[in-house]
Each structure stands twice: as structure tokens, then as C-alpha cells.
Amino acid sequence: MAGGSGVLSGEALRCLIEAGAIKARPGPRQLQPASLDLTLGATARRVRAAFLPSDRASLEERLEALTLHTLDLSGGAVLERGCVYVVELNERLALPQSLTATANPKSSTGRIDVFVRLLTESHEGYERVPAGYEGKLYLEICPRTFPIVVREGSSLNQLRVREGVTTLPDEELRDVLGPDAHVADGLNLSVDLSAELGEIAGWRARRHAGLIDVDEVGALDPDDYFEPIAPPRDGYITLDPDEFYILASREEVVIPPGLAAEMVAIDEELGAFRAHYAGFFDPGFGVEAPSRAVLEVRGFDVPMILEHGQRVARLGYERLREVPKMLYGGAQSSNYQGQGLRLSKHFRRA
């Protein structure tokens, strides 16, 4: 493998698997251009509440104390909305001291409002894997709006592995994206509520909808799960507390072959809402066809006005350690290349 700083490519991840640093038996679609899809194991534990391991209690001790019941995922099982589950993943890590990793929900997971976070046996917090980590991986799962069907082998999140400092400074990012890009601590994104993307400006999730099987593609009617939002005449919509929305950015997003990107946490001063749940953008996204960022938006405690063109999110760009041979949207089919306002892959397209 090549040395130096950067996010590891899919080819480098395969080398880690072959060397035993990542213990996995990846299927044909599990390796992405700059990330690895993680897969659920055979058992889900319904727990009383989310938790982190600490000096007082290990992860296994917490699980033992908090588990209400277990579900066998070998033949598929329903995870109910509003409940918290923990599943041991099939993959394990034995990283060298030079490598760290982070995880993020897959795009399709965030777009059906399933809140997932990676847990390790260390005390590093959610989604973070420390340098040299050796041990199991677990996934905390909480469906927020729709009950879901999962099974052993289902994939809800991704792992990205890094060596050294990977962040692309703003001055270099401006050179890559051009002078018109709003760059300030990454690429800033604003919301599109106009009619430019079609007859609707967004989608609002319906309450009390049916099941979503996370492994079924193109099987569901969008109208059974979401209500369309017409482009507002006054230029804004009102986000209701604890409601879930799918919106799109005004800006087109391009991730060149030598870079990757990640949605980073929204600044609190931007408003009383969260603007994303899923966050990895692989190299090649938006290169073949114009592509927007889809925003998974949830209102917080008070109603909030969201105006067309309001800044809602930002992308942090990172260098790759090596340019991958496989790019997003290339030979491997990619669900969201060329997307505008797009629901998850589970829904039929109009």
C-alpha cells in the first residue's frame, strides 16, 4: 500500500482486509471508493436507552444491564420506531497505530430517518475509532419515523479509515471548487425551496406509515410515506418540531477523484434544526452528472422558519491517500449520482 496522509481508498481497504487489520468477508458491493459498508450480525438487543462505555462499565456490561430482550436477525426482524437497539457488527478491527477511523450512516439510512451510531469497546465516543483499535464494532439503531425490517447482513452505516491529517484547507478548496463556491471552514450549502428541481420543493414524512425493508430497492410508493411540499409562495416553509423533511441544496456538489467529503455538524447559530444524518460523499460524486446534496432535516423544540437560500449545512473536504481505481458512479452502480431532490433508494422514482 502507498504511504502518506489521507483517506484510504477502497483498494487500500481491501489490502487491510487481506492483512487482517479489518476482519471482514466483503460482498461485491461492500467496498466503496473510499469507505467500507458495515453489516449487521445475527442478534439485535433492544435496550432501555442509548449509552456509551465508560470507566465504570464496559460496553458488554452496559449491554447486559440494559437489554430488555433480543431479536434474531437471521430471518429478518422488525425494529420499531422510537426504540433503541444495539447490534454487534460482523466486522472487527485490528488497526495499526498509524490509522484511525470514523463511521457515518449510509445515505439510504438517513433518508428514512433511521438514527444510527457506531460504538466501540473503547471510550472514544460515538462514530470514532481510535488509532490502533483492536476489537468488536457495534451499531446503535433507533428508527425515528418508520419501523424498519433488517436482517443479518443488512448494511446501515459505513466506515472510513484515515492516516494522518486529511482535511483540505479552505484556500486549497477554493482552488478546486472555483471562486463562486461559498467556502468557509468547508463548502457551505444552502437550501433550495424553489421550483427549479420540479413541482415540489421537498418531502415531509407521514406519521404512522408502513414498514420499510432496508434491503428492498424501488419497492415503495413515495406517497404512502411522504407528503410533497409545494414551492412556497412566500419563499419559506415552517419546520415543525420533531418532524422529518427531505430537502435539497441549491449548490451542485462535485467530489473530484483525489478527494472525499463529509457532512459536518451544523452550527447551532444557524437555527433550531438538524440538517443531516448521513454524511460520506465518495470520490467521483457529481463528476458524471450534476448532483445536489440531499438534506435530512429534523426540527427541534420550536417551530422554525426556513427560507429559500438559507445556509443549512457544510461539507468538509479531505485528501485521499491514493486516487481510487473505482469512483462513485463508475462501473459499480450508484444510487444517487445525478440526484436532485431524491428520496432513498427504497422508493419508486416518478
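Reader: Which residue forms a salt bridge with R151, and how far apart are the closest N and O atoms?

Author: In this predicted model, the partner of R151 in the salt bridge is D213, and the closest N and O atoms of the two are 2.9 Å apart. The pair links distant parts of the chain, with R151 in the loop between β12 and β13 (157-163) and D213 in strand β16, 62 residues apart.

Reader: How many salt bridges does a search of the whole structure find?

Author: The search finds 23 salt bridges, and one of them joins E262 to R162, with the closest N and O atoms 3.0 Å apart. Because E262 lies in strand β20 (residues 259-264) and R162 in strand β13, this pair ties together parts that are 100 residues apart in sequence. Both E262 and R162 are buried.

Reader: What does the salt bridge between E243 and R207 tie together?

Author: The closest N and O atoms of E243 and R207 are 3.6 Å apart. E243 lies in the loop between β18 (236-239) and β19 (244-252), and R207 in the loop between β15 and β16, so the pair ties together parts that are 36 residues apart in sequence. E243 is buried, with a relative accessible area of 13%, while R207, at 35% relative accessibility, counts as partly exposed.

Reader: Which residues are linked with E243 and R207 in a network of salt bridges?

Author: The network links E243 and R207 with D113, R144, R204, D240, D242 and R298.

Reader: How is a pair of aromatic rings described?

Author: The description uses the distance between the ring centres and the angle between the ring planes. The structure holds 7 aromatic pairs, and one of them is made by F146 and Y225, whose ring centres are 5.5 Å apart and whose planes stand at 75°, so the pair is edge-to-face. An angle over 60 degrees is what that word requires. F146 lies in the loop between β11 (134-143) and β12 (148-150), and Y225 in the loop between β16 (212-213) and β17 (226-229), so this contact ties together parts that are 79 residues apart in sequence. F146 is buried at 0% relative accessibility, and Y225 is buried as well, with a relative accessible area of 7%.

Reader: How are the rings of W203 and F226 arranged, and where do these residues lie?

Author: The ring centres of W203 and F226 are 6.4 Å apart and their planes are at 75°, so this pair is edge-to-face. W203 lies in strand β15 (residues 202-205) and F226 in strand β17, so the pair ties together parts that are 23 residues apart in sequence. W203 counts as buried at 12% relative accessibility, and F226 is buried with a relative accessible area of 0%. Together with F347, the residues F146, W203, Y225 and F226 form one aromatic cluster.

Notes. Residues are numbered from 1 along each chain as its sequence is written. This is a predicted model: local features need pLDDT of at least 70, side-chain atom pairs count only at pLDDT 80 or more; totals for chains, interfaces and linings use all residues. Side-chain values use heavy atoms; hydrogens and water are left out. Rings of Phe, Tyr and Trp (its six-membered ring) pair if their centres lie within 6.5 Å; planes under 30 degrees apart count as stacked, over 60 as edge-to-face and the rest as tilted. Helices (H or I, at least four residues) and strands (E, at least two) are DSSP runs, numbered from the N terminus. Buried means under 20% relative accessible area, exposed over 50%, partly exposed in between (1.4 Å probe, protein chains only). A salt bridge is a side-chain nitrogen of Lys or Arg within 4 Å of a carboxyl oxygen of Asp or Glu.
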